[in-house]
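Here is a short report for a reader meeting this structure for the first time. Look over the sequence and the fold before reading on.

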Amino acid sequence: FITGTTEALLAKPEGGEAWLLSLRDSSYKEAKEALLTLPGVGPKVAACVCLFSLDKHSAIPVDTHVWQVALKHYTPQLEGKTLTPRIMDVVEDAFGDVFGEWAGWAHNVLFVADLASQKHRLPEHLRPSPAPKKTPSKSASPKNASQKTTPSSQKKMPSSQKKAPSSQNADKKKAKKRLATEGEQTNQGEANGEMIRVV
């Protein structure tokens with residue numbers, strides 16, 4: 001994509017740099033559409049270039065993280081929808097309705113503030129409250145309840161009971177051999193008309 005975009009920019013009659021700088025004089029939508037003609041440039045990258053390089057202050061680069069911010073605060077009615085270019089436009093419009101011509105920078109602040117690594121930097125009164133812990137409902141069926149418990153095979157055992165893998169393999173081989181021997185003895189006993197119980 002980088003090679004293709006470089007070649008496309010070099011092929012512009014006025015040169016790539018002049019073409020890119022000319023997009024500053026275009027509207028945001030026109031600049032974004034022009035950038036989308038370059039190989040490998042999608043809606044998010046086009047919006048990033050518009051916001052950070054072409055003075056399009058209302059551009060909203062929409063990715064899955066921004067999508068989650070929008071669902072939480074501005075477009076809850078879109079819950080369950082797929083993030084398509086049309087939905088990206090709806091999210092951009094929603095930010096624009098709230099923040100106006102500076103929506104791109106407001107989005108940027110919200111994006112950074114919502115990052116887990118940055119939430120501790122927010123003033124206490126602006127930090128989101130922790131999500132409530134989910135508790136199983138009383139009507140949960142035993143089947144569902146059993147799925148939520150840790151199987152006994154996955155529970156931690158005391159280190160004194162743990163065996164090395166080679167020791168475990170040896171134990172398994174001995175058990176198989178013992179079962180095979182028991183099976184032969186039982187079959188011989190049954191052939192004689194008696195049942196032999198092997199301990």
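**Confidence**

This is a predicted model. The protein has an average pLDDT of 76. A score of at least 70 is reached by 64% of the residues.

| Residues | pLDDT | Contacts beyond four places in sequence |
|---|---|---|
| 149-153 | under 50 | one contact |
| 181-199 | under 50 | nine contacts |

**Helix α5**

Helix α5 spans residues 64-73. Which of its residues are buried? They are V66, W67, V69, A70 and L71. The cover over these buried residues includes α6, residues 85-99, and α7, residues 103-113.

The N-terminal end of α5 has a cap, and D63 provides it. A side-chain oxygen of D63 lies 3.1 Å from the backbone nitrogen of H65.

**D55 in the loop**

Helix α4 covers residues 43-53. D55 sits in the loop between α4 and α5. The phi angle of D55 is near 60 degrees. That is a positive value in a residue other than glycine.

Why does D55 count as partly exposed? D55 has 46% relative accessibility. Partly exposed residues fall between the buried limit of 20% and the exposed limit of 50%, so D55 belongs with them.

Definitions and conventions:
Residues are numbered from 1 along each chain as its sequence is written. This is a predicted model: local features need pLDDT of at least 70, side-chain atom pairs count only at pLDDT 80 or more; totals for chains, interfaces and linings use all residues. Side-chain values use heavy atoms; hydrogens and water are left out. Buried means under 20% relative accessible area, exposed over 50%, partly exposed in between (1.4 Å probe, protein chains only). Helices (H or I, at least four residues) and strands (E, at least two) are DSSP runs, numbered from the N terminus. Contact means heavy atoms within 4.5 Å. A polar contact is a pair of N or O atoms within 3.5 Å; within protein, one must be able to donate a hydrogen and the other to accept it, and residues adjacent in sequence count only if both atoms are side-chain atoms. pLDDT is the predictor's confidence in each residue, from 0 to 100.
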